[in-house]
Amino acid sequence: ALQRNILMLLYKARRENFGEGGIGAYVIQERFGCSDDVFDFHLWYLKSKGLVEVTEQGKLAITVNGVDH
């Protein structure tokens, strides 16, 4: 469920501001209230599957594959 929630949050950010559609990892982690270990695992999974990327600004953003997922 956490992975889906992260993707939905990133999807919304991308839709609202296409060119700058990223969110800081700390903002996401704080919003869902998860520990570092839990968040790091889910982030590792989403990045490894190509669903989330790190932008040049260091923020997390959904990828095309993430949107399709």
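In which kind of crossing, left-handed or right-handed, does α1 pass α2? The crossing of α1 past α2 is right-handed; a crossing is left-handed if the near helix is turned anticlockwise from the far one by less than a right angle, and right-handed if clockwise.

Before continuing, note that this is a predicted model, in which local features need pLDDT of at least 70, side-chain atom pairs count only at pLDDT 80 or more, and totals for chains, interfaces and linings use all residues. Residues are numbered from 1 along each chain as its sequence is written, and side-chain values use heavy atoms, with hydrogens and water left out.

**First stop: α1 and α2**

Select α1 (2-16) and α2 (25-32). Helices (H or I, at least four residues) and strands (E, at least two) are DSSP runs, numbered from the N terminus. The axes of these two helices, α1 and α2, come within 11 Å and cross at roughly 130 degrees. Axes are lines fitted to C-alpha atoms, for helices over the stretch in contact, and angles run from 0 to 180 degrees between N-to-C directions. The helices α1 and α2 are therefore oblique to each other; angles under 35 degrees count as roughly parallel, over 145 as roughly antiparallel, 65 to 115 as roughly perpendicular and the rest as oblique.

Display the side chains that make the contact: L2, N5, I6, L9 and L10 of α1, with I28, R31 and F32 of α2. Contact means heavy atoms within 4.5 Å. Now pick N5, which is located in helix α1. N5 counts as partly exposed, at 34% relative accessibility; buried means under 20% relative accessible area, exposed over 50%, and partly exposed in between (1.4 Å probe, protein chains only). From C-alpha to C-alpha, N5 and I28 are 9.6 Å apart in space, and 23 residues separate them in sequence.

**Second stop: R14**

Stay on helix α1 and select R14. Is R14 buried or exposed? R14 has a relative accessible area of 19% and is buried. Residues up to four places away in sequence are not counted here, and R14 touches G21, E53, A61 and I62.

Next, select helix α3, residues 36-48. Its 13 residues reach 18 Å from the first C-alpha to the last, close to the 18 Å expected at 1.5 Å a residue; the expected span is 1.5 Å times one less than the number of residues. Colour F39, H42, L43 and L46, the buried residues of α3. They cover an arc of only 100 degrees around the axis, which puts them on the same side of α3; the arc is that of the directions from the helix axis to the C-beta atoms. Turn to the other side of α3, where D37, W44 and S48 are exposed. The buried residues of α3 pack against α1, α2, β1 (52-54) and β2 (60-62).

Show α1 together with α3: they pack at an angle of about 70 degrees, with their axes 10 Å apart. That makes α1 roughly perpendicular to α3. Beyond the end of α3, look for G50, whose phi is positive, near 75 degrees.

**Last stop: C34**

Finally, select C34 in the loop between α2 and α3. C34 is buried, with a relative accessible area of 15%. Leaving aside neighbours within four places in sequence, C34 is in contact with L2, Q29 and F39.
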